[in-house]
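Good morning, colleagues. Please bring the sequence and the structure up before you, and I shall guide you through them part by part.

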Amino acid sequence: MTANPSASGASSAVVDILAIAAHRDDVEQTCGGTLLRMQAQGLHTGILDLTRGEAGTRGSAAERAAEAAEAARILRVSWRQALDLPDGRVENTYENRLKIVRVLRELRPRVVILPYWRGRHPDHYTSATLGYEACFLAGLAKIHTGTQPHRPFKILYASLYADVRPSFVVDITPFAEQRLASLLAYRSQYGAQPAGSGLFVPEAEIRERTLAEARHYGLLAGVRYGEPFVQKEVGLVDDLMLIPVASI
Ligand SMILES: [Zn+2]
């Protein structure tokens, strides 16, 4: 795993797909199975966490860094790093957009996965807009960061936290257990302990809840386990015979 985005120094794609999320453990819950599936298909994947988890009820930022590294190993991503935006106060400022622009230009992902743009936690929906605007700015030649402009080809929104009908579902059936293992790598969050026990779901329930959500979205698409995504653009079709659909 690359420790520093500037260390990669490459102008060609370093990762094909980059998932951007507010908090360490968000990606594990919303699109970890999809990252695993894409990696299994030969693509390079990456995760950019915008905060480091210092405001969490349980665990320190240092503990969460070690847990995030372990989760990244389980998810088989090529790259993972956290920015230093304040946990619980993710703001869509020009300075924060530029921090993401630098990462986008170093990693040059073709696809970026963002959180859905509405939700309960302000960090989540703010990250959606912040990430979108950073993707746009990253393509502008007049935004100078010392690296070549790059605009992702496709932006997708991981919508598992949101109560919306997805545009499509990714079949993660072979990867559901591995995705769950990546979430359970956050021992400080999900291990049985007294601190914050009124706020956190016991570990014994994590498995049932995680697989039930994946089963729900899988059912929508006619597979066992799935992860939901929303895309803003209308799909373009050349051949009606090649549209992937669930069997009815
Ligand atoms: Zn979160």
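Of the 248 residues of the chain, 48% count as buried, where buried means under 20% relative accessible area, exposed means over 50%, and partly exposed lies in between, with a 1.4 Å probe and protein chains only. Please note that this is a predicted model, in which local features need pLDDT of at least 70 and side-chain atom pairs count only at pLDDT 80 or more, while totals for chains, interfaces and linings use all residues. Residues are numbered from 1 along each chain as its sequence is written, and side-chain values use heavy atoms, with hydrogens and water left out.

The secondary structure of the chain comes to nine helices and seven strands. These are DSSP runs numbered from the N terminus, helices being H or I with at least four residues and strands being E with at least two. The chain exposes about 12,500 Å², and carbon and sulfur atoms supply 54% of that area; accessible areas come from the Shrake-Rupley method with a 1.4 Å probe, and for residues only the protein chains shown count as cover. As for contacts, meaning heavy atoms within 4.5 Å, 81% of those between residues at least 6 apart in sequence join residues at least 24 apart.

Let us turn to the metal. Which protein atoms are the donors of the zinc ion? They are His23 (ND1), Asp26 (OD), Asp26 (OD) and His124 (NE2), at 2.1 to 2.6 Å from the zinc ion. Donors here are N, O and S atoms within 2.8 Å of the metal, or 3.2 Å for Na, K and Ca; water is not among the atoms, so sites may look incomplete. The angles among the four donor atoms run from 54 to 125°, and the site is irregular. By the rule used, four donors count as tetrahedral if all angles lie between 85 and 135 degrees; four count as square planar and six as octahedral if opposite donors are over 155 degrees apart and all others between 65 and 115; anything else is irregular.

In sequence, the spacing of the donor residues is H-x2-D-x97-H. His23 lies in the loop between strand E1 (17-21) and helix H2 (26-30), and His124 lies in helix H6 (residues 122-138), so this pair ties together parts that are 101 residues apart in sequence. His23 counts as buried because its relative accessibility is 9%, and His124 counts as buried at 13%.

The loop between E1 and H2 also holds Asp25. Although Asp25 is not a glycine, its phi is positive, at about 95°. Asp25 is buried, with a relative accessible area of 8%.

Side chains of opposite charge can pair when their charged atoms come close. A salt bridge is here a side-chain nitrogen of Lys or Arg within 4 Å of a carboxyl oxygen of Asp or Glu, and the count comes to 10 salt bridges. In one of them, the side chains of Arg64 and Asp25 meet at 3.2 Å, N to O. Arg64 lies in helix H4 and Asp25 in the loop between E1 and H2, so the pair ties together parts that are 39 residues apart in sequence. Both Arg64 and Asp25 are buried.

Lys99 forms a salt bridge with Asp84, with 2.8 Å between the closest N and O atoms. This pair links distant parts of the chain, Lys99 being in helix H5 (residues 94-107) and Asp84 in strand E3, 15 residues apart. Asp84 counts as partly exposed, at 47% relative accessibility.

Next, helix H7 (residues 176-184). Its buried residues include Arg179, Leu180 and Leu183. The cover over the buried residues of H7 includes H2, helix H3 (32-40), helix H4 (61-74) and helix H9 (203-221).

Finally, the surface. Where is there a nonpolar patch? Val237, Leu240, Ile243 and Val245 form one, with about 400 Å² of accessible area together. Patches are made of residues with over 30% relative accessible area and no salt bridge, like charges being joined within 9 Å and nonpolar side chains (Val, Leu, Ile, Met, Phe, Trp, Tyr) within 5 Å. Leu240 is placed in the segment after strand E7 (226-230), and Leu240 counts as exposed because its relative accessibility is 68%.
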